[in-house]
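Please work through each task with the structure open before reading its solution.

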Amino acid sequence: MACTCVVGLQWGDEAKGKVVDILTDTHDLVVRYNGGPNAGHTVVAGNKTFKLSILPTGVIKPKVKSVIGNGVVIFPARLREEIAQLQKNGIETGDNLVISDRAHVIFPYHLEQEKITESNEGTGIGTTGRGIGPCYQDKVGRVHAIRTGELVRPIHLEERLRQILDFKNRLLRGFNPNAVQFDARELAKEYAEHGEFLKPHLADTTRLLHEALAAGKNILFEGAQGSLLDVDHGSYPFVTSSNSTTAGIASGTGIPPRHINRVIGILKAYTTRVGKGPFPTELNDGPEGLGERIRKVGREYGTVTGRPRRCGWFDAVAAAHSAQINGVDEITIMLLDVLSGLGKLKIATAYELDGERIKHFPTDAGELQRCQPVYETVEGWSEPIEDARKLADLPLGARKYADRIGEILQLPVKLISVGPDRVQTIFTVQG
Ligand code: IMP
């Protein structure tokens, strides 16, 4: 029995989807445990590319059971769009998709609420605008939250929405006299219809996962976002509202930590981030600079919002922090091809904070903002590497760069990705 987790060690968008896709061959279930429609994973199946945000990557392989755990927040309309997109391309989602009846539901008032905080320069953190924060706030607040299991009880649902909207409508109006107001009956009708649709997929997924464990099945946990966006361990408050680290597996699925026997940390060969927040190794070197070049070559634009991603050098201080809190066993280096022909490359191995050299990731976002990276310079390589299929095919510079990352983090590099296609993958000698 294997319980594997694929987790991003940066600020998200580490190309986790490709690794998950490869691993679905050897796993029976793929489980999402955190986040919601803020995530964006690009999955290539045959000659088709799918953009998914709530459905687990495993869903394109019907033999795999795809599970949405209780830690995920669901916007039913988006979920249905994704299912419809797959259906249009001949991929059916039936018994292979199971959704926790404990997962929380995003409503349109969550999106309206988020607009208020995000439109304020002082409080906005550059979210994806998908209602993630307000939905998790309601979950933890316990008073105004609705779980998927409640969508299939129409009378109860309307009653709950009446109570909730009494509060939410006043809240929205309090900030803006012209704010949208929601009608409990209409919203209940819309969401009860979603409930009917979701009903065949809803289950106690905690029980299902424990049964799978008992039957010796292999389970793959698919982290959404990256560890530096984790609400407890990331660059708070510029984070998302869930535990995107492996810590989220236990709370977001009901599978205790002791069952996780392989943690694969996914790293890009450089660093990116979307939205606001400190980013010590960011390359702010203008339209002709390296930051822009990485963005163009790596097609670094947000999957969900299309926003250009901020790009910068590999930050080993941040990556080491993430590797530690996740209990990473091995790493993968993705998008190495993007760095071809850039000349000498830099890796941040420490920070200078207020005149002091530090090797830890600061707790305070203000401190992180003041950190100046201390770089080690590494020879680059000039040749394209998209066609490399084994380590020996890589130019010496590329090999040394990947080796150096593994050496600094003291973790084996098990996979190097040199392009989006599944075949553009090098499995290193360590197996
Ligand atoms: P939220 O998750 O929409 O509340 O956004 C909070 C922060 O996390 C913002 O900086 C977003 O850009 C970032 N974020 C959320 N999901 C992702 C993701 O899947 N990839 C990269 N950044 C993300």
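**Exercise 1: the ligand and its surroundings**

Solution. Next, a polar side-chain atom of Asn38 lies 2.9 Å from an oxygen atom of the ligand, while for Val274 it is a polar backbone atom that is 3.0 Å from a ligand oxygen. The protein buries 96% of the 470 Å² that the ligand exposes when taken alone, with areas computed by the Shrake-Rupley method with a 1.4 Å probe. This is a predicted model, in which local features need pLDDT of at least 70 and side-chain atom pairs count only at pLDDT 80 or more, whereas totals for chains, interfaces and linings use all residues. Residues are numbered from 1 along each chain as its sequence is written, and side-chain values use heavy atoms, with hydrogens and water left out.

**Exercise 2: strand β2 and its partners**

Which residues cover the two faces of strand β2, and how does β2 pair with strand β5 and strand β10?

Solution. First, in β2 (residues 29-32), Leu29 and Val31 on one side and Val30 and Arg32 on the other are all buried, meaning under 20% relative accessible area with a 1.4 Å probe and protein chains only. Second, β2 pairs in the parallel sense with β5 (residues 65-68) over four bridges, and Arg32 stands opposite Ile68 in β5; strands pair if DSSP finds at least two bridges between them. Third, four bridges also join β2 to β10 (residues 219-226), again in parallel, with Leu220 in β10 as the bridge partner of Val30.

**Exercise 3: the whole chain**

Why is the protein chain described as being as compact as a globular protein of that length?

Solution. Count the secondary structure, which comes to twelve helices and 20 strands, taken as DSSP runs of at least four residues (H or I) and at least two (E) respectively. The radius of gyration is 22 Å, close to the 22 Å that the globule rule gives for 431 residues, so the chain is as compact as a globular protein of that length; the radius is taken over C-alpha atoms, and the rule is 2.2 Å times the number of residues to the power 0.38.

Note on methods
Polar contact = N/O pair within 3.5 Å; in protein donor to acceptor, adjacent residues only side chain to side chain. Buried < 20%, exposed > 50% of the residue type's maximum accessible area, 1.4 Å probe, protein only.
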